[in-house]
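Here is a set of questions and answers for a reader who is new to this structure. Each answer sets a value against the definition behind it and then concludes.

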Amino acid sequence: MRPAHPPAAASWMLEHLIPGVSNEALAGDLHEEFRAGRSRRWYWRQVLGAISIRCARELLAHQTVLLFAVLWSMLAPAWLLAVAGLEARMHLSERLAGMDWPWSIVLDLGSLLATNLIFLWAGILLYLLPDLWIAGALRFRALSSGIRASLPAVIVVWVALIVLPKHFLAVSAPEIRAATGVAGASLVRTPTPREAVRIEDQNIWAAYDRQLAAEHDEIRSRTTVAPEPVPHEALLDLRMVTQAARIPFFLVILCTLWSVAQRQEGRSRSKV
Amino acid sequence: MLRAGDFFAIVEFMTDRSYLGEFEMMILLAVIHLGDEAYGVPISRELERHRGRDVAIGSVYAALERLEAKGLVASSLGDPTPERGGKAKRYFRVTEAGLRQVHETRRVLSKLWRGLPELKGERP
């Protein structure tokens, strides 16, 4: 027997994934055609076609937003390397690694998220500043509304904003990251039973401390000897791991500036 | 799920042209044909009947919105009906400027056709 209602998932997509103007009439037309005997396959094709067409139009209507999001996210890996290099020179990560669990991990991940947010917000402000300046609306409230607009996108991709950059740093700058954060925390370990037996000192723990200190020194010497990756070389790095690190930055910038642009268009339309 | 026709519809909408495209012209003529009953479904059916192939209703709406932005058609919302899932119809009608544009395009095309020599394979 033929279902009375069109596929719910397709209807949901039609309602939620088509940006811009109201699509009530389109949804009604597709519903009417489905009730008149069109197949589920036809309905799905129409919905996917409508979403593709609308997205293409919206992207072209906001070309500058798209271009800026691409360019700014291209800079993200260089920013990550620069900040990681700075942290290594200040031995910040080693200090974090020396803290008790869970503070070592919480602060390490938190500092990475914070530096990523600084980069994102700097990009958003850089994009908004000329417009606001020209419009004579360069006020704290106008700027903070741009930051606020980024929060929904940040909340959606916050895990990706930590995991993908961290993976990129682990691959691109292992010398820096070896002695930092979560990786550094793994240096603090308890001796295995075999190691404990092998240590023939009266004071086992003192010997173990010396062994750990030696391991630390070795890693530190490796860190200083190995050449640090140069941030600007990451600008044109098109490896998969680098591109993956750019994706969450691209999405946040694109969604934020898109919503700001739509809000501005709505405001100018209501003025008219 | 998407067909080649949908792709070409997308490409067509990616160009912001000031003159009437083939698809836009067909839609304008369909709206004139249908009169007071011109909304998404009959317009699409009219196009399918004459072109002999499936039409993406989303592409029809995109073209209609573009024509509306150019001032060639105007739209108004009807009442919601149960057979449409409680959604209203959006009726379209051609404006004076739209009619002028259709006549102008017809005039130019007729002139061009008249001056054309007999095409290869064409049978009178």
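Q: How do you know that helix H7 of chain A falls short of the span of a straight helix?
A: In this predicted model, helix H7 of chain A covers residues 140-172 and has 33 residues, yet its end C-alpha atoms are only 38 Å apart. The expected span is 1.5 Å times one less than the number of residues, and a straight helix would therefore reach 48 Å, of which H7(A) falls short. Helices here are DSSP runs of H or I with at least four residues, strands are runs of E with at least two, and both are numbered from the N terminus.

Q: Where is the kink in H7(A) centred, and how is a bend defined?
A: The kink is centred on Val157(A) and amounts to about 65 degrees, where the bend at a residue is the angle between axes fitted to the seven residues ending there and the seven starting there.

Q: What conventions apply to the numbering and to the model itself?
A: Residues are numbered from 1 along each chain as its sequence is written, while chains are lettered from A and ligands numbered from 1 in the order in which they are written. Because the model is predicted, local features need pLDDT of at least 70 and side-chain atom pairs count only at pLDDT 80 or more, whereas totals for chains, interfaces and linings use all residues.

Q: Why is Leu143(A) called partly exposed?
A: A residue is buried if 20 or more other C-beta atoms, placed from the backbone, lie within 10 Å of its own, exposed if 12 or fewer, and partly exposed in between. Leu143(A), which is found in helix H7 of chain A, has 17 other C-beta atoms within 10 Å and is therefore partly exposed. The buried residues of H7(A) include Val154(A), Leu161(A) and Phe168(A).

Q: Which residues does Leu143(A) touch, leaving aside those up to four places away in sequence?
A: Leu143(A) touches Leu125(A) and Leu128(A), a contact being two C-beta atoms, placed from the backbone, within 7 Å.

Q: Why does Val230(A) count as exposed?
A: Val230(A) has 12 C-beta neighbours inside 10 Å, and therefore counts as exposed. Val230(A) lies in the loop between helix H11 (204-225) and helix H12 (240-271) of chain A, and its C-alpha is 9.6 Å from that of Ala173(A), although the two are 57 residues apart in sequence.

Q: What makes up the side of chain A that touches chain B?
A: The contact takes 23 residues from chain A and 22 residues from chain B. Helices H2 (24-35) and H3 (40-61) of chain A each give two or more residues to this side, and H3(A) gives the most, with twelve.

Q: How confident is the predictor in chain B?
A: On pLDDT, the predictor's confidence in each residue from 0 to 100, chain B averages 84, and 81% of the residues score at least 70. For the complex, the predictor gives an ipTM of 0.81 and a pTM of 0.59.
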